[in-house]
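Please walk through this model with the structure open beside the text.

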Amino acid sequence: MTVLVGGMSLLLAVALAWFGADLSGAAARKARAQIAADAAALAAVAESTPFGGGRPKAIASRYARLNGATLVGCLCPVGATAVQVTVEVEEVTAQARAVFDPNAVMAAGGEGALDPALASAVGQLLDASAGRVTLVSGYRTHAEQENLWAEALARHGDAETADDWVAPPGSSMHERGLAVDLGGDLELAARLIERLDLPLVRPLANEPWHFELAVRV
Ligand SMILES: [Zn+2]
């Protein structure tokens, strides 16, 4: 399967293994592990490229953790155009490989704006919702992310906890124009995305309002 997310093409090399005797439990853990691996790989390759903040392993670890998994491997040297991550959920492992496609990113809107494909998908979603889904936050400057981070630090007391809710400056997909936060009726949003087949995904298990671009090809 090839997935384009925010201009990155993701080639999934899936190697799954599970050791549980309970099949339904194992299947659920397998699905969770794969979602976490996909999210971690995409975030890591975005972070690794010249458009990222140069901390791919830390970002992969964050996206895995926010999806209930533990990062156990990250072939993700800074500057690489492909990364491979391995995550684990209760002894079930999953791998994902993400490949950076510079041509897709070059076609994007550039500094200070949402990726055009993301903006188009979100626009269609908002129109279809007739006002019941709203855009809360789209593109953010580095300074705006710094302010959000400072607020989260003040609210949660320490960086470890704050990091579960706000990405540290330099590591937010919002700063790259590759994420939006939506408000209003998020269940309606999910149904409309499915019905209209919009290229939007929710990669963070604990942030149901946070959407990123996913174009399946
Ligand atoms: Zn967000």
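A residue is buried if 20 or more other C-beta atoms lie within 10 Å of its own, exposed if 12 or fewer, and partly exposed in between, with C-beta atoms placed from the backbone. This is a predicted model: local features need pLDDT of at least 70, side-chain atom pairs count only at pLDDT 80 or more, and totals for chains, interfaces and linings use all residues. Residues are numbered from 1 along each chain as its sequence is written.

Start at the loop between β4 (82-89) and β5 (92-100), where Glu 90 is found. Strands (E, at least two residues) and helices (H or I, at least four) are DSSP runs, numbered from the N terminus. Glu 90 is not a glycine, yet has a positive phi of about 45 degrees. It counts as partly exposed, with 16 C-beta neighbours inside 10 Å. Glu 91 is found in the loop between β4 and β5 too. Its phi is also positive, about 70 degrees, although Glu 91 is not a glycine. Glu 91 is exposed, with 12 other C-beta atoms within 10 Å.

Helix α2 (residues 56-66) is largely enclosed by the rest of the structure, because nine of its 11 residues are buried. Among them are Lys 57, Arg 62 and Tyr 63. Just after α2, Gly 68 takes a positive phi of about 80 degrees.

Now the sheet. Four strands form an open sheet in the order β6-β7-β9-β8, with antiparallel pairing. Two strands pair if DSSP finds at least two bridges between them. β6 (133-137) and β8 (200-201) stand at the edges, each with a single partner strand, so one side of each is left without a neighbour in the sheet. β8 pairs with β9 (residues 210-213) in the antiparallel sense over two bridges. Leu 200 has Leu 213 of β9 as its bridge partner. Helix α4 packs on the sheet, touching β6, β7 (179-184), β8 and β9. Contact here means C-beta atoms, placed from the backbone, within 7 Å.

How do α4 and α7 cross? The axes of α4 (residues 116-129) and α7 (residues 186-196) come within 10 Å and cross at roughly 115 degrees. Axes are lines fitted to C-alpha atoms, for helices over the stretch in contact, and angles run from 0 to 180 degrees between N-to-C directions. That makes α4 roughly perpendicular to α7, a term for angles of 65 to 115 degrees. The contact includes Leu 125 and Ala 128 of α4 and Leu 188 and Ile 193 of α7.

Definitions and conventions: Parallel < 35°, antiparallel > 145°, perpendicular 65-115°, else oblique. Contact = placed C-beta atoms within 7 Å.
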